Amino acid sequence: MATLTPMMQQYVKIKEEAKDAILFFRLGDFYEIFFDDAITASRELEITLTGRNAGLEEKAPMCGVPYHAAEGYVQRLIEKGYKVAICEQVETPGESKGMMRREIVRVVTPGTLMESRALGEKSNNYLVCVTRSHGMMAIAACDLSTGDLHVTSAPESEEWLKGEVGVYQPVEAIGDAQLLQLLESQIAPLERRLVCTPWEKGKEDGAREQFGEASWARLDEERRICVARLFAYLAETQKRALGQLTKISVYEPNHYMILDPFTRRNLELTETVRERSKKGSLLWLLDRTKTSMGARTLRRWIDKPLLQRSAIEDRLEAVEYLHRDLILRGDVQEALREIYDLERLVGRVAFGSANGRDLIALRDSLIQIPALKAVCLNSGSQTLAATAKRMDECADLAEAIAAAVTDEPPVSVRDGGLIRKGYHEHLDQLREASVNGKRWIAELEAEERRITGIRSLKVGYNKVFGYYIEVTRANLAQLPEGRYERKQTMSNAERYITPELKEKESLILEAEEKMADLEYGLFLELREQVAERIPRLKALAERVAETDVYQAFAEASAEKSFVRPQLHDGYDLSVDNGRHPVVEAVMEGGSFVANATDLAEQGANIMLITGPNMAGKSTYMRQVALISIMAQIGCFVPADRANVPLLDRIFTRIGAADDLVGGQSTFMVEMADIQVMTQQATKDSLIIIDELGRGTSTSEGMAIAQAVIEHVHESIGCKALVSTHFHELAHLEESLPRLQNYCMAVRESGDKVTFLRKLVAGAASTSYGIYCARLAGLPGSIIDRAYGLLQGFEQAAAEVAAGQATGVSVAPNSVSVPEEDRKQPDIIREETSLMASPADQDGTRITEQKQTDTAATDADEVVQLSIFGDEEHPAKSIHAVPAKEDPKVKKMLQRVRDVDVMNMTPLQAMQILNELKLEAQRL
Ligand SMILES: Nc1ncnc2c1ncn2[C@@H]1O[C@H](COP(=O)(O)OP(=O)(O)OP(=O)(O)O)[C@@H](O)[C@H]1O
């Protein structure tokens, strides 16, 4: 430190305060970046790395960006996941002796961005704070650019935390270090980027003062701690008043349907799984909003379907009026069209970055409010009228802006041209002086031409020399002696001034400088007036946004022929001619096939859907979930009729998102999801599982699938849609009274298969997997071979069945487990039919000898071999040993008998199966 130059000493000291950020250190017209920061920034921003003498042996690495272009560079670093600390000179040159004082004036982080260029207009930019205290977990989520702040808490649960944080799709998270680790591993892979900073500081005083005693008193202890930490972080990074934070929206988790992050993705609520684009999502389909505020609110509503029927009915009522009355809808849309993003305008006002154009946008928006209000009040809809009544027109503000600011103000607020004539007397006088002076100068040219007779004489202005009279060299001889004072010599002209011109010039310049300062002062006063009304403006923005979403729902519903759902507090979910809204929308020619849904408490509440690949199973299951979600956000639904209960939660287990969590096998992800589901689903939940048990071997997959279905049937009792490739599970319909088989109809003609996309009762008998493989363009040789193999497998299975008659012990329920202990006979049947029974009826175990010589290339042969053993193929050394006598087998059988299927989790089931399998392999 001692050897460093004084300036670098200052740098190092300041850098101490911003260790985790890249420090932009203002030096004149540049922000300079030093040492490691410089190396990082030059790499990330692709700017030249140079060096600066810092008093050390070697030059300090350095790079820099011009201050006027800094915003873009800062944003690029933020997008790459860095934080940037901005250090300014906080005194003017010459103010004090020695080194100029410098301070960090703001730390820019992904979650505290204010510059609208970097912010998506239609989405929020959330920073979340997660804390743990008093046995509770709390989340506070804040969008500084709009002033949105939400807080909630629940008893400690990582699942809950993940789900709740996922709702906000945050770009930054702070708070409890351990919880952040969880978010980093579980949420970050789902989000584009998530910058985490452990943050335990937080004094309640600051936050209490900000939000007021009354709202603070309403917060539970754990929520206070959470908000206080968030506020402390914002205060420390932003280092300025945060006037946009006026209100804490407190909510209880049980007011909303719970959708875990995977379910939200699987259902493609706000973006598609594959391209991660909005296009193709439910949000894309429903987004007919006219304002950015409306678009953001719509996204929030989609992410948080309601659970209170009255609140949903209120929304539906507004949508219904707007849906059936085209003129009303048109009028609302018309009024909304001219309303700018009030929330972000307010954010910029609070932040101190709003310019004249922002205030004009605010004025123009406020002017629309009376019309919007009137339309809503006269709409006939109680909801719209109630919302309109609470719209504060802020007419005083609109008038104040209209009186003060010119219609087309410049971008800069410091160079004048902002304030209207007639607004301020002294300003008008200065303007008059300036205008008069300019007019005098404008007239001067004609006057001097007349006097001198020089027609090319010009009056001009340049920044360095001010006003001048220019005479070309050729005309110099014509100049009257002593009339002008020479000021500047050009190559073929001379420039002059006169004392009077000089006098007018200083009058004009002085007036202009004063005008600019005065205008700036007046503008700041006005902006202050706006800032004082921020709470009113924010409340107004909220109501405008709500109205916008209602009309968006109505518009989409009218266009897509959605109907108002009938909500009820009961259990049954029944839909006539339901459609998947997005698949239908992207399909050409209206060829989407509608399907009914009937899940009843007294009838069947589990649909087991079998059917070939590509038949439309996933689409159907998603459609049922989407209809429920749409109903619970207050939108009409894609169906002819829909009677829907309030679902407290939707679980989905639909493959596509697996790859998003790196390093975990599909199967383990599936099992972990199912474990959560079995723990947390209630009778009012909806469970959707696509291809249950697909990630493991056929028999194990089926075993787990059956165990899970039985658990849902017996212990949870919720509505469930399960699709499976295992047609063999269809028999469950016989033993589980509330399960019904369905399949996707298919028409076969010749070798052609047509998917009818129609859901019909009953189980499918084949998967048409090879047919789909052909459609996908696999080579004919592979397809032929696959058909050949399939035929072999099927023949083998048939022969196995026939074997019963010939005494070969392969009967489905014929393993050596006593009848009363056999809980899952059909799984064993599957093992028998496809893979050879582990034990025959006489307690004879048939073991497959490893085929080293024949290399077991012919699957056809392998199957037959393993099933029929030495009877059919004596040459291929299959041998039998008496199994029951083997103590190891005895032990295994005892373990199977001891299994309490109904009281174990799928994971436990899986573990036991795995252990049994290993033991079996060791035999
Ligand atoms: N009801 C429907 N009407 C018309 N087309 C549909 C319908 N349902 C699905 N489709 C079309 O069929 C395609 C396959 O649907 P989906 O992915 O739901 O099939 P699947 O049975 O789940 O197949 P897999 O088992 O291979 O995942 C979809 O991309 C969609 O275009």
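What pLDDT does the chain average, and what share of the residues score at least 70? In this predicted model, local features need a pLDDT of at least 70 and side-chain atom pairs count only at pLDDT 80 or more, while totals for chains, interfaces and linings use all residues. Residues are numbered from 1 along each chain as its sequence is written. The average pLDDT (the predictor's confidence in each residue, from 0 to 100) is 83, and 85% of the residues reach at least 70. Over residues 804-882 the pLDDT falls below 50, and this stretch has 105 contacts beyond near neighbours in sequence, a contact being two residues whose C-beta atoms, placed from the backbone, lie within 7 Å. For the complex, the predictor gives an ipTM of 0.97 and a pTM of 0.77.

Turning to the ligand, 13 residues surround it, the closest being Asn613, Gly616, Lys617, Ser618 and Thr619; a residue is near if its C-beta atom, placed from the backbone, lies within 6 Å. Helix 22 (residues 617-633) supplies the largest share of this shell, three residues. Helices (H or I, at least four residues) and strands (E, at least two) are DSSP runs, numbered from the N terminus.

A further feature is an open sheet of six strands, in the order 3-4-2-1-5-6 with mixed pairing, where strands pair if DSSP finds at least two bridges between them. Strand 3 (50-52) and strand 6 (102-108) each have a single partner strand, so one side of each is left without a neighbour in the sheet. Strand 3 runs antiparallel to strand 4 (residues 60-66), joined by three bridges, and Thr50 stands opposite Met62 in strand 4.
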